[in-house]
Amino acid sequence: MKFILAILILSLMLSGCDSEPAEKPLPPVVKIIQVNQSANFQNDSYAGIVCGRYESNLAFQTGGRILNRTVEEGNFVRAGEILMELDPKDAVQQLNASNAQVDSARANLNLAKSNFERYNQLFKENAISAAMLDQYRTNYESAVATYNAAVAQAAQLSNNLSYTQLTANADGVISKISAEIGQVVAAGQTVLTLTQTNELEVEINVPENKLSEIEIGKRCEISFWANDDKVGGVVREIAPVADSAARTYRVRISILNLREGIYLGMTASADFISSNKNSGSYILPLSAIYQTGTQAQVWIVTNENKTTLKNVEVESFSGNEVIVRGISLNDKVVAAGVHKLREGQEVRIKD
């Protein structure tokens, strides 16, 4: 019996010598954010509408009744293309009457010229007095003036006839129609609005408290809700007066590198990068905030890869981001899983 017990004890001792000690568990892996200067900036985004830089309110240069319209709202037109026509009957009759006056004035001019030449010859032969010659000279000069006036009147009425056709002054899109067929319009009354498409812009409205961050020449990134295109933009114009109702300022942004697929009326978003440089404020993900009481904190990973809490002051929230004060450049802030850590805990940093 003693022999068997000794064998069991020896077996246990040998098995204990062969077993290896339990491995020490590895430190947990954490995802960090290296605080750098890029975290010192924030994006301000404004919704806007794509519009043309140049919009022309087109009108007839003469009055009359609209006889024909060849375009619809949204149609693309070329420069010189006929858009609307007025009834030309009155203009034709006026031009015919003016041409008749030209013919009459020409006949009177020819008669006055012949009389002047005849009496000038008689004056050279001392057959008439100088006073009589002056009378015929005056008649001739008056006939010349009357003829010139008639010709000018006919040219004006000829222009009026051409004004019964309204043509496009540039390539573009008909963005608005203000008159219809059969309507009587006056000279200068807007009937169409033409928006040129060779240079497009985005119009946004900026609130008063953000106006100081936007200036003419400032660049931004423009994205479109209808597609995934992103293009550059630059502020071209800032309205000097706020809108009376919304109390916002209209800002026009020129689209750089205009591409296919960007059309008038599309909804766009202009993103400006506003700097908090030297303000001590930085942007962090909301998941980085550790708070058990009233004091907000973040976990900082030291150079020895150990965690330590640091108090921060939360300035504002924006979606899934938070702007805080109290951290420094090059701090390694734990971005997620902050409630599973403890002070002085060793961690591994996720690449």
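Q: What percentage of the 351 residues of the protein chain count as buried?
A: In this predicted model, 34% of the 351 residues of the protein chain count as buried. The chain exposes about 21,400 Å², with carbon and sulfur atoms supplying 50% of that area.

Q: How many helices and strands are there in the protein chain?
A: The protein chain has three helices and 23 strands. Among contacts with a separation of 6 or more, 73% are accounted for by residues 24 or more positions apart.

Q: In what order do the four strands of the open sheet stand?
A: Strands of a sheet pair through backbone hydrogen bonds, and the pairing may be parallel or antiparallel. Here four strands form an open sheet in the order β4-β11-β9-β6, with antiparallel pairing. Because β4 (55-59) and β6 (76-77) stand at the edges and each has a single partner strand, one side of each is left without a neighbour in the sheet.

Q: How many bridges join β4 to strand β11?
A: Five bridges join β4 to β11 (residues 190-196), the two running antiparallel; Leu58, for example, has Leu192 in β11 as its bridge partner.

Q: How many aromatic pairs does the structure hold, and what geometry does the pair of Tyr46 and Phe272 have?
A: The structure holds four aromatic pairs. One of them, formed by Tyr46 and Phe272, is edge-to-face, with 6.0 Å centre to centre and 70° between the planes. This pair links distant parts of the chain, since Tyr46 lies in strand β3 (residues 41-52) and Phe272 in strand β16 (residues 267-275), 226 residues apart. Tyr290 and Trp299 form a tilted pair, at 5.6 Å centre to centre and 55° between the planes.

Q: Are Tyr290 and Trp299 buried or exposed?
A: Both Tyr290 and Trp299 are buried, and Tyr46 and Phe272 are buried as well.

Technical notes. Residues numbered from 1 in each chain as written. Predicted model: local features only at pLDDT ≥ 70, side-chain atom pairs only at ≥ 80, totals over all residues. Heavy atoms only, no water. Pairing = 2+ DSSP bridges. Buried < 20%, exposed > 50% of the residue type's maximum accessible area, 1.4 Å probe, protein only. Contact = heavy atoms within 4.5 Å. Areas by Shrake-Rupley, 256 points an atom, 1.4 Å probe, with all protein chains shown as cover. Phe/Tyr/Trp six-rings, centres within 6.5 Å; stacked < 30°, edge-to-face > 60°.
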